[in-house]
Amino acid sequence: KTAYDLPLRLVGSEMCIRDRTEEDKIKGKILFFSPNEEGTSYFTDSLIYICDHNEHGSLGLIFNRPLALDLKELLRGLKIREVDNAKGNVFLGGPVNPGAIFILHSSDKCWKGTLKVSENVYMSTDFEAIEDIARGDGPKNFRLTLGYTGWGPGQLNTEIADNAWIAFEENSNLIFKINPSDQINEMSKIVGYDIRMISPNFGNA
């Protein structure tokens, strides 16, 4: 699967309050790459939360692939001095723009450029948000990722129709509170079947 480099206007251009539209039906969904006989791919065993989906394309963040990079180490690299209260690892968000920071977080905090994805999950890219996290004044729950996963106009709709992805309803507890190594098994429990065992042809005659 190809992730296209989308303009970042998709990310920081909306304030916290936004009504859902017809274009938002995929927005807020959790995607899992459908297993196939062609072997593994970049997205194998990745759970992706779709943060935006409109006529320009789609943007999502992988939330179950922690990197071997401590959050404090990343923050120090950004020349932020006060990092003692920052805890956890940095996550891989996707293959596009890997030097950019995206924060998937709970709705208790909001900054100028925060995108309201749903009632429970927001996304931010503001440097102020990064500084607040470093001080321990960030949102209650968050995943800080490097890079994102992107699709061109209409691409994600086509791939879902072709059963390349399995789409699930949002579950903020799964995203933020379950250990990444357990998230696929937990999603399987939630939906009642092993999502790793679904054939990409399950919806075709």
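In the predicted model, Lys79 lies in the loop that connects helix 2 (71-77) with strand 5 (89-92). The backbone of Lys79 adopts a phi near 65 degrees, a positive value in a residue other than glycine. Most residues other than glycine have a negative phi. Lys79 has a relative accessible area of 74% and is therefore exposed, the cut-off for that class being over 50%.

A positive phi, likewise near 65 degrees, is found at Asn163, again in a residue other than glycine. Asn163 is placed in the loop between helix 4 (155-161) and strand 10 (165-168). With a relative accessibility of 9%, Asn163 counts as buried, because burial is assigned under 20% relative accessible area.

Salt bridges were examined next. The structure contains 5 salt bridges, among them one between the side chains of Glu169 and Lys29, with an N to O distance of 3.6 Å. This pair joins distant parts of the chain, since Glu169 belongs to the loop between strand 10 and helix 5 (172-177) and Lys29 to the loop between helix 1 (9-12) and strand 1 (30-33), 140 residues apart. Glu169 is exposed, at 56% relative accessibility.

A salt bridge is also formed by the side chains of Arg196 and Asp45, at 3.3 Å from N to O. Here too, distant parts of the chain are linked: Arg196 lies in the segment after helix 6 (183-191), while Asp45 lies in the loop between strand 1 and strand 2 (47-54), 151 residues apart. Arg196 is partly exposed at 36% relative accessibility, and Asp45 is partly exposed with a relative accessible area of 33%.

The side chains of Lys116 and Glu119 meet in a further salt bridge, with an N to O distance of 2.8 Å. In this pair, Lys116 is buried, with a relative accessible area of 13%, whereas Glu119 is exposed, at 56% relative accessibility.

How values were computed
Residues numbered from 1 in each chain as written. Predicted model: local features only at pLDDT ≥ 70, side-chain atom pairs only at ≥ 80, totals over all residues. Heavy atoms only, no water. Helix = DSSP H or I, 4+ residues; strand = E, 2+ residues; numbered from the N terminus. Buried < 20%, exposed > 50% of the residue type's maximum accessible area, 1.4 Å probe, protein only. Salt bridge = Lys/Arg side-chain N within 4 Å of Asp/Glu carboxyl O.
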